[in-house]
Amino acid sequence: MKNLFLSAAIVLGSLASFASTTQVNNTIVKTISVEEEYTEIKLEELPAAISESLKKAYPDAVITKAYKNEKSEYKLDVTVGDKVGNLFANADGTWIKK
């Protein structure tokens, strides 16, 4: 009976020594960059609806550059005070979130 307990203790002890946990780190990073082709246009070519929407939303804003893509969406480089940013709008003056 002692041999049975001794054998069981040895077997269980050896199994416990081989059981180890390894940490698996799988890091998958997907970067999808969708750059729409915008071509620069003159500020005079900008639709009046966009200019009016900009004056309503940001009265102190100054458009420095304007761009247009194939879908007639406009990208505006805008300066308000010391802040510079981009705004996107449709031809009818509705703002687009991008």
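Biologist: What makes two strands a pair here?
Modeller: Two strands pair if DSSP finds at least two bridges between them. This is a predicted model.

Biologist: How do you know that strand 2 and strand 3 pair?
Modeller: Six bridges join strand 2 (residues 62-68) to strand 3 (residues 73-80). The cut-off is at least two bridges, so the two strands count as paired. They run antiparallel. Lys65 stands opposite Asp77 in strand 3.

Biologist: What makes strand 1 and strand 5 edge strands?
Modeller: Five strands form an open sheet in the order 1-2-3-4-5, with antiparallel pairing. Strand 1 and strand 5 (95-96) each pair on one side only.

Biologist: Why is the pair of Tyr38 and Phe88 called tilted?
Modeller: The structure holds one aromatic pair. The ring centres of Tyr38 and Phe88 are 6.1 Å apart, and their planes stand at 50 degrees. Pairing needs centres within 6.5 Å; under 30 degrees is stacked and over 60 is edge-to-face.

Biologist: Are Tyr38 and Phe88 buried or exposed?
Modeller: Buried means under 20% relative accessible area. Tyr38 has 18%, so Tyr38 is buried. Phe88 has 17%, so Phe88 is buried.

Biologist: How do you know that the charged end of Lys75 sits over the ring of Tyr67?
Modeller: The charged end of Lys75 is 5.3 Å from the ring centre of Tyr67. The distance cut-off is within 6 Å. The charge also counts as sitting over the ring, which requires a position within 35 degrees of the ring normal.

How values were computed: Residues numbered from 1 in each chain as written. Predicted model: local features only at pLDDT ≥ 70, side-chain atom pairs only at ≥ 80, totals over all residues. Heavy atoms only, no water. Phe/Tyr/Trp six-rings, centres within 6.5 Å; stacked < 30°, edge-to-face > 60°. Buried < 20%, exposed > 50% of the residue type's maximum accessible area, 1.4 Å probe, protein only. Helix = DSSP H or I, 4+ residues; strand = E, 2+ residues; numbered from the N terminus.
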